[in-house]
Amino acid sequence: LGKKKYLQLDGSYGTPQKYDPAFKGPIYNRGCTDIICCVFLFLAIVGYVAVGIIAWTHGDPRKVIYPTDSRGQFCGQKGTKNENKPFLFYFSIMKCASPLVLLEFQCPTPQICVEKCPSRYLTYLNAHASEDFEYYKQYCLPGFQKNKGVAEVLRDGDCPAVLIPSKPFAQRCFPAVHAHKGVLMVGNETTYEDGHGSRKNITELVEGAKKASGVLEDRQLAMRIFEDYTVSWYWIIIGLIIAMVLSFLFIILLRFLAGIMVWVMIVMVILVLGYGILHCYMEYARLHGETDFRVYLHLRQTWVAFMIILSITEVIIILLLIFLRKRILTAIALIKEASRAVGYVMCSLLYPLVTFFLLCLCIAYWASTAIFLSTSNEAVYKIFNDTSCPVAGKTCNPETFPSSNESRMCPGAHCQFAFYGGESTYHRALLGLQIFNIFMFFWLANFVLALGQVTLAGAFASYYWAMNKPDDLPAFPLFSAFGRALRYHTGSLAFGSLLLAVVQVIRVMLEYLDQRLKAAENKFAKFLMSCLKCCFWCLEKFIKFLNRNAYIMIAIYGTNFCTSARNAFFLLMRNIIRVAVLDKVTDSLFLLGKLLIVGSVGILAFFFFTHRIRIVQDTAPPLHYYWVPIVTVVIGSYLIAHGFFSVYGMCVDTLFLCFLEDLERKDGTPERPYFMSLTLKILNKTNKRQAEA
């Protein structure tokens, strides 16, 4: 009677599975699914490789690595005439404070590659007729000959007007400015001669140097952080190993302490709410005679409202515990069973390393392709001039510029490298190629994650559907599941990951548009953008949930993606209360586990790197910033714990779907025996008797 009533109530969510005496777990006799999607994935990968080859053919990462002079040549690159000239020298660093730096991404002053930065203070006016000219000449344009007057040389920009003692930073020469008693100085001077007969303040040099090197302070910070890593890396690794051991021990302990931990968390929530109610009541009683309404928290009504809200919340939680106690017990039993399954399929804990390796390959290919695409432009030269000029900012050819009309129109102008770009068909298609690169990265990354989920689901399903555990378990369930997934279900995995990739690319585009619209004052556009972002965020979460359960059904039955997704969705809808309870219980346990592991390792790292542990006080390395290794250890511990718990979570979800299938297919009689473990059988029989009574 109870079974019939169950089917009548939940029949609207699909047809439950019928009893099949031949079904004994993951089907080994299966065929290929979603072949069309498999073909599309293969063609997309071929196209992705072609895009990579094109990018690697046209791209040049040296444009990012090496500084570029005014003629578009790289400084310090081996095999070129600038091989022994690794530093970039600015003729007039003050001009780097110009707004053109922000508009053109280039200082409007000639720049050349030099062997070393200037170490002496000299002006061209003083050096051109003295023995210092040979030293000065190395900072003039290549091939410069002294066949012009001083005014002509300075007008044509053949040589800098003045040399200032400089130091190299990020392969660029910057004035060696230092502070003495709060006063900025270069050498022993607070002013300098600009080479045109006037003296200027050192602060003008500092302003130009700041604009020329917008990342100056960031680079210094990065160098110090790098030094901290070089002296603390082995201690960081030890901390991550400790996090790995703690994660493993936590999963093992869940087999014995899952029930205790769940009920302790529930009691703690009730106690915290009870303390909140008591505190609100005490504040209300204390303020009963108060008449000062200037501070919000001094209002008696505020604490009454808090007390009412907390009281209602606690009553709801207690009522839920009373009515859902059987579901909670079932969830605890499944969590314990998942710990046993992980213990029998121990190699599953190492599978996240495979996923991590494949994801690293995807990230590396995407990043390298993106860099090559972004550096596959051609050098663009523009006209720069200190004064007003009608042709300033226009493109030019540095070889023909001296004899061009533009040069005669603006005698003081010069043609120099501005940035990398292009107007060819290939250059116009670069944006589309970058979008395709991002789309393929999302598709392949989701495919790798899907492959991991199907593999783990197949291994844990083999454990559940083994009648005599662990004797009937296959020899290598993880490898068998991995082989089945690749051989038969590549198309289904490609289909599911494609759906997710499309939504993720749309979300990236919405984020880009949102950044562009931030300066706009159209409130309706902002509201619409917020709604779209929220909708696609929800859609992505739903697709991830649907894909995860569809992959479990694929691993068990070998059906195509749409069939598996439909069956999984209806199966969960027929057991929606169980789903909600199990989801919240497992989420709470995983949150507690991550907090314990990350918190323990983080606190240990904090006391160690701040020299507060006396036993190893002298062992801890000296650091510029002690937070560098601590933050690294905390983030690494979280990722390790997340990797372990992702395997455990997949195990719980797989066993849960198998448990629901087992309940629908069989009834526990000798003719239809359950495949579930003894603990779940006893629990299910007890629930059944209570329901029939």
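This note covers the cores and the cysteines of a predicted model.

1. Ground rules. Local features need pLDDT of at least 70, side-chain atom pairs count only at pLDDT 80 or more, and totals for chains, interfaces and linings use all residues. Residues are numbered from 1 along each chain as its sequence is written, and side-chain values use heavy atoms, with hydrogens and water left out.

2. Main core. The largest nonpolar core has 101 residues. Such a core is a set of buried Ala, Val, Leu, Ile, Met, Phe, Trp, Tyr and Cys residues joined through side-chain atoms within 4.5 Å. Buried means under 20% relative accessible area, with a 1.4 Å probe and protein chains only. Helix 15 (residues 430-464) gives the largest share, 19 residues. Helices are DSSP runs of H or I, at least four residues; strands are runs of E, at least two; both are numbered from the N terminus.

3. Second core. A separate core of 21 residues includes Phe133 and Cys140.

4. Disulfides. The structure holds three; each is a pair of cysteine sulfur atoms within 2.5 Å. Cysteine 75 pairs with cysteine 113, sulfurs 1.9 Å apart. Its S-S torsion is about -75°, so this disulfide is left-handed. Cysteine 117 joins cysteine 173 at 2.0 Å. Here the torsion is about -85°, so the link is left-handed. Cysteine 140 and cysteine 159 form a disulfide, right-handed at 110°.

5. Cysteine 658 is buried, at 0% relative accessibility.

Conventions:
Buried < 20%, exposed > 50% of the residue type's maximum accessible area, 1.4 Å probe, protein only.
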